[in-house]
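Hi,

Here is the structure I promised to send over.

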Amino acid sequence: MTKERVRTAETARGAGRPGLRDVAELAGVSHQTVSRVFKDHPRVSAETRAKVLAAAAQLDFRPNAIARALATGSSRTVGVVSFDTTLFGPASMVSAIESSARDADYFVSVVGLASPSRRSVAEAADRLRGQGVDGIILIPGHVPADQVVRHLPAMLPVVALSGAQTVASATIDQYEGPLAAVRHLLDLGHTTVHHLAGPGDWHEARERERAWRDALAGAGAPVPDPLPGDWSAASGYERGKVLAADPAVSAVFAANDHIALGMLLALHEAGRRVPEEVSVIGYDDIPEAAFFTPPLTTVRQDFAALGRRSMALLLDQIGAAAAPAAPAAAVIPTELVVRRSTARRM
């Protein structure tokens, strides 16, 4: 590189954020050529492309996403609206979407909501539209996705990670997994299964409770009253103390692994052995589940598959010339993972 171009690079770095013209001057090409390189224009030679990219790297130049969107019609960015990402489920969904987006050469902009409502979700989606995203993935929590999307532009590509009817959706089956879990316990000789339920305003919690009821009814087993709460281990512990104090309880299905963890502590403090006296099943298969005492039998949700499928559905919409006649829907199956927290009834 000539001394003159070195001085140009140093001047550009010292003057603030470099632009297309700074890259062009350093590379010795026109700014239109630089623009073509970052638009992946086919009529740019490999030598020129390499020269421009080297100059951009030296200047630490990053194309402006909004400018790129205006120039190409695509920001190659998707938005994600999610509720409390401290919870394992939402955090895993976001992580899976980000991984899948990287594979597709897309960026992800996430808006997290501590307390989801129709208004807050709609405002978050509007904020992402202002950033020029190509489409949005909604993780609406207990807010019905169909009530949110009605406030969004009809031509905006949207995928909901819920059982939406009016937009494309990708979900993990919330019924067959709990059904398999309860049947597993019944097959081990337990006469019934108690349920530590999740919050009733969540679709996932309602489906898991419905499957639990159906499995017991289908086997002609008694259906005890469920004990509802939130998704936390503290909730599982407090409600678990009620079950731990009842000598007739021999099997428990918890609505998630954190609830199951609280249940295990309640049983330990009550002097009841797991699984010799009480079998416990969770839901999610969080990374720590295999290291509980004892290792937890649980229902695994394939969040990686969910991320891939939701991105595929969104990209299908982004690339389509018109909206499909009917919203696409994908349902990801679950898997029962048997570990040492369940055993045949003594």
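Let me begin with two helices that are oblique to each other, H2 and H4. Bear in mind that this is a predicted model. The angle between H2 (residues 20-27) and H4 (residues 46-59) is about 120°, and their axes are 9 Å apart. That angle is what makes the pair oblique, because roughly perpendicular only covers 65 to 115 degrees and roughly antiparallel starts over 145. As for handedness, H2 passes H4 in a right-handed crossing.

If you want to find the contact on screen, pick out Asp22, Val23, Leu26 and Ala27 on the H2 side. Their partners in H4 are Lys51, Val52, Ala55, Ala56, Gln58 and Leu59.

The other helix I looked at is H10, residues 203-218.

Which residues of H10 are buried? They are Glu204, Ala205, Glu207, Arg208, Ala211, Trp212, Ala215 and Leu216. Looking down the axis of H10, these buried residues stay within an arc of 165°, so they line one face of the helix. The spacing makes sense: an α-helix has 3.6 residues a turn, so residues three or four places apart point the same way.

After H10 comes Gly220, which has a positive phi, near 70°.

Cheers

How values were computed:
Residues are numbered from 1 along each chain as its sequence is written. This is a predicted model: local features need pLDDT of at least 70, side-chain atom pairs count only at pLDDT 80 or more; totals for chains, interfaces and linings use all residues. Side-chain values use heavy atoms; hydrogens and water are left out. Helices (H or I, at least four residues) and strands (E, at least two) are DSSP runs, numbered from the N terminus. The expected span of a helix is 1.5 Å times one less than its number of residues. Buried means under 20% relative accessible area, exposed over 50%, partly exposed in between (1.4 Å probe, protein chains only). The arc is that of the directions from the helix axis to the C-beta atoms. Axes are lines fitted to C-alpha atoms, for helices over the stretch in contact, and angles run from 0 to 180 degrees between N-to-C directions. Angles under 35 degrees count as roughly parallel, over 145 as roughly antiparallel, 65 to 115 as roughly perpendicular and the rest as oblique. A crossing is left-handed if the near helix is turned anticlockwise from the far one by less than a right angle, and right-handed if clockwise. Contact means heavy atoms within 4.5 Å.
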